[in-house]
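Here's a quick tour for anyone meeting this structure for the first time.

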Amino acid sequence: MLSSSRLNYYSRLVTENQCDLRKLLSTFSKLLHQHPETRFPQHESTTSLAQEFIAFFDNKIRRIREDLNRPDNVLEFRDDAAECQFTTFASVSLTELMAIVGSIYLKSCNPDPIPGSIMKDCFTTVRPVITKIVNLSMESGRLPTDLKVASVKPLLKKQALSSDEFKNFRPISNLSFLSKIIEKCVAKQLTAYLDANNLNVIYQSAYRKLHSTDTALIRVHNDIAMALDHKRSVILLLLDLSAAFDTVDHCILLSRLSSQFGIGGTALEWFRSYLRDRTQFVNVNGSMSERHVLQFGVPQGSVLGPLLYSLYTSPLSDIANKHGLSFHFYADMQLCNF
């Protein structure tokens with residue numbers, strides 16, 4: 001009976017999620033017991049290791065920013081004024097918030113007073129209070145400072161890499177569940193505005209509904225095949241940006257949101273509040289480093305981070321079009337062929 005129930009459960013799970021690759025991969029990894037071992041550099045204590053990690057991540061961004069600020073690296077982008085405007089957020093109803101919470105996976109974060117799973121189970125009871133907090137944040141154009149604290153977990157970029165090198169780790173931010181709920185509400189309205197006014201980069205996969213790895217591969221393969229059919233030579237250029245999310249300039253991003261995408265008023269003030277006064281600390285097996293202020297970047301692991309990064313890099317499509325390049329963006333990678 002147990003074997004039969006298990007078989008029926010996973011068969012139904014695969015059938016119901018056959019179009020959701022994330023859930024399918026998660027299910028298969030669980031069935032195959034694919035749980036990568038957590039490895040860190042050799043250390044005397046987890047507290048000192050956490051402090052070394054936060055210092056390394058900060059220094060890495062500082063070095064990259066110093067190179068970007070060299071005079072010979074400055075590019076002038078022309079941000080065309082948007083004809084549409086997005087100045088205020090609409091209030092979120094109890095029903096809408098319930099649907100939003102049901103669509104996101106809430107993990108526990110160190111600053112959270114209670115685990116996210118318990119919060120989700122009890123959400124029907126606390127829903128009026130959470131709805132009030134969400135609407136107050138969007139109406140006032142402010143995100144509370146306590147919701148801008150990230151617990152960073154260092155993860156190996158690839159399991160085959162050496163765990164003794166700090167450069168082989170990437171910082172993954174874990175934010176409070178209330179922060180993610182507010183971000184999700186903001187992201188939903190911002191995405192609807194961008195879609196309604198055709199402001200998205202056309203050839204942008206990842207972080208967009210129905211735009212995945214598959215669409216990127218099909219697009220690039222089609223461009224190459226068409227060029228070869230016309231007896232043309234093809235050069236494929238792949239640009240993988242280093243620490244792309246962590247080096248976003250807040251002033252440039254806010255300026256771009258205002259000029260190129262028509263975001264202003266309370267909505268722009270909310271994004272300014274969202275970006276400023278952010279802090280983070282590294283958590284290594286329960287041992288935490290000191291908090292460091294984030295002067296640049298959008299948090300990896302956040303809801304809004306990927307969307308804001310896509311808007312930040314949108315002028316790259318203008319450069320590609322200006323020089324007659326066929327291009328496609330995927331997350332922090334740019335693919336061009338000519």
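| Helix pair | Angle | Axis separation |
|---|---|---|
| H4 (residues 94-102) and H6 (residues 123-140) | about 110 degrees | 10 Å |
| H9 (residues 250-259) and H10 (residues 265-275) | about 165 degrees | 11 Å |

H4 is therefore roughly perpendicular to H6 (65 to 115 degrees), while H9 and H10 are roughly antiparallel (over 145 degrees).

This is a predicted model: local features need pLDDT of at least 70, side-chain atom pairs count only at pLDDT 80 or more, and totals for chains, interfaces and linings use all residues. Residues are numbered from 1 along each chain as its sequence is written, and side-chain values use heavy atoms, leaving out hydrogens and water.

Who touches whom? On the H4 side, Leu94, Leu97, Met98 and Val101 are in contact (heavy atoms within 4.5 Å) with H6 residues including Phe123, Ile130 and Val134. For H9 and H10, the contact includes Leu253, Leu254 and Leu257 from H9, plus Leu268 and Phe271 from H10.

How many disulfides are there? The whole structure has 0, counting pairs of cysteine sulfur atoms within 2.5 Å. Cys84 is buried, at 16% relative accessibility, and Cys185 is buried too, at 2%; buried means under 20% relative accessible area, with a 1.4 Å probe and protein chains only.

Conventions. Axes are lines fitted to C-alpha atoms, for helices over the stretch in contact, and angles run from 0 to 180 degrees between N-to-C directions. Helices (H or I, at least four residues) and strands (E, at least two) are DSSP runs, numbered from the N terminus. Angles under 35 degrees count as roughly parallel, over 145 as roughly antiparallel, 65 to 115 as roughly perpendicular and the rest as oblique. Buried means under 20% relative accessible area, exposed over 50%, partly exposed in between (1.4 Å probe, protein chains only).
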